[in-house]
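Dear colleague,

I am handing over the structure that we spoke about, and below it you will find what was found in it. Please keep the sequence and the model open beside this email while you read.

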Amino acid sequence: MKAEIHPEYHMIKVVMTDGTEYMTRSTWGSEGDTMTLEIDPLAHPAWTGGQQHLMDRGGRVSKFKKRFEGLGL
């Protein structure tokens, strides 16, 4: 393993959109900085698995399914 290529971890405070705070280790900022989240991970679809839409543009999904239908995928 190469020496001195890994980032330095330090403690920062994370403030959620609802005001809750917690301390965590991070490479972001410097020791004691405060990261304020702009997206609420308790409500955002990226974290909650919200509404996911599969859009078939130009028939790509149907072409894929037809091409590989015999493989049991």
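**Around S26**

The side chain of S26 reaches the backbone nitrogen of W28, at 2.9 Å; a polar contact here means a pair of N or O atoms within 3.5 Å, where within protein one must be able to donate a hydrogen and the other to accept it, and where residues adjacent in sequence count only if both atoms are side-chain atoms. S26 lies in strand 2, and with a relative accessibility of 15% S26 counts as buried (buried means under 20% relative accessible area, exposed over 50%, and partly exposed in between, with a 1.4 Å probe and protein chains only). Once its neighbours within four places in sequence are left aside, S26 is in contact with E8, Y9, H10 and I12, where contact means heavy atoms within 4.5 Å.

Residues are numbered from 1 along each chain as its sequence is written, and side-chain values use heavy atoms, with hydrogens and water left out.

The protein chain has an average pLDDT of 83, and 84% of the residues score at least 70; pLDDT is the predictor's confidence in each residue, from 0 to 100. Among the elements of the chain, strand 1 (residues 10-15) has the highest mean pLDDT, 95, whereas helix 1 (residues 45-48) has the lowest, 70. Where pLDDT is low, the predicted coordinates should not be read in detail.

**The strands and the sheet**

The protein chain has 2 helices and 3 strands, which follow one another from the N terminus as β-β-β-α-α; helices (H or I, at least four residues) and strands (E, at least two) are DSSP runs, numbered from the N terminus. An open sheet of 3 strands has the order 2-1-3, with mixed pairing, and two strands pair if DSSP finds at least two bridges between them. Its edge strands are strand 2 (21-26) and strand 3 (34-36), each of which pairs on one side only.

Strand 1 and strand 2 run antiparallel and are joined by 6 bridges, while strand 1 and strand 3 run parallel and are joined by 3 bridges. On the strand 3 side, K13 stands opposite T34, and V15 stands opposite T36. In the hairpin of strand 1 and strand 2, which has 5 residues between the strands, G19 takes a positive phi near 100°.

Of the 73 residues of the protein chain, 11% count as buried.

**The aromatic pair**

The structure holds 1 aromatic pair. The ring centres of F64 and F68 are 4.8 Å apart and their planes stand at 50°, so the pair is tilted; rings of Phe, Tyr and Trp (its six-membered ring) pair if their centres lie within 6.5 Å, and planes under 30 degrees apart count as stacked, over 60 as edge-to-face and the rest as tilted. F64 is partly exposed, at 48% relative accessible area, and F68 is also partly exposed, at 28%.

With best wishes

Notes
This is a predicted model: local features need pLDDT of at least 70, side-chain atom pairs count only at pLDDT 80 or more; totals for chains, interfaces and linings use all residues.
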